[in-house]
Amino acid sequence: MPATNDRTRGIRAASRPARPFTLWREVLTAYAAPALTAGTAGVVTGQRDLAVAACTSIAGTSAVVAFLVGAWLRHGGRPRRWTTTVPRIVLTVGLALAAVGAAAPLGWFAAQWLPAHTPLPAGPWLERLRIDLPASAALATTIVTLRWRGTTAASPA
């Protein structure tokens, strides 16, 4: 009898509908997760600049990217056909590369432009933008894309 229970439990779990993709939850999670993890790491290791960056450039970038990618994927409630038919890994890698391709130059530009054109002094936090922005964009894009594809049924070809 226990073998039957194990088999039916798997069937019930597989037949359960996926949790719906809710953009505001994804954005909130995209902010909170890196803020807590990187912030904790900064406090534990005594890196004050990491603790500050955790709640600003790292988590902020993650939230903005999660919002942009999630909104683009939802496309007004009707996903683009190709985003549901292309293999999940191909879609994820492609969008992550696009996000990194946009965030990396932005980080480099901000690190150079801000101290030269604003009263902000050059500091280690500006140099962190060169790494924080593309890394956060890659992680947020990957997680949001995988979550979105997990809740979207592939349309027939």
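Tutor: Helices here are DSSP runs of H or I with at least four residues, strands are runs of E with at least two, and both are numbered from the N terminus. The model is predicted, so local features need pLDDT of at least 70 and side-chain atom pairs count only at pLDDT 80 or more, while totals for chains, interfaces and linings use all residues. Residues are numbered from 1 along each chain as its sequence is written, and side-chain values use heavy atoms, with hydrogens and water left out.

Confidence comes first. The mean pLDDT of the chain (the predictor's confidence in each residue, from 0 to 100) is 84, and 83% of the residues reach 70 or more. Helix 1 (residues 2-15) has the lowest confidence in the chain, with a mean of 53, whereas helix 2 has the highest, at 94. Where pLDDT is low, predicted coordinates should not be read in detail.

The part to follow is helix 3, residues 48-74. After helix 3 comes His-75, with a positive phi near 50°.

Helix 3 packs against helix 2 (residues 23-45) at about 160°, with the axes 8 Å apart; axes are lines fitted to C-alpha atoms, for helices over the stretch in contact, and angles run from 0 to 180 degrees between N-to-C directions. That makes helix 2 roughly antiparallel to helix 3 (over 145 degrees; under 35 is roughly parallel, 65 to 115 roughly perpendicular, the rest oblique). The contact of helix 2 with helix 3 has 19 nonpolar, five polar and two charged residues (Ala, Val, Leu, Ile, Met, Phe, Trp, Tyr, Cys and Pro are nonpolar, Asp, Glu, Lys and Arg charged, and the others, Gly among them, polar).

Helix 3 also packs against helix 6 (residues 124-151), at about 40° with an axis distance of 8 Å. Helix 3 is thus oblique to helix 6. Their contact divides into 13 nonpolar, seven polar and four charged residues.

Helix 6 has 28 residues and reaches 40 Å from first to last C-alpha, close to the expected 40 Å. A kink of about 35° lies at Arg-130 in helix 6, shortly before Pro-134. Helix 5 (residues 88-117) packs on helix 6 at about 155°, with the axes 7 Å apart.

Technical notes: The expected span of a helix is 1.5 Å times one less than its number of residues. The bend at a residue is the angle between axes fitted to the seven residues ending there and the seven starting there.
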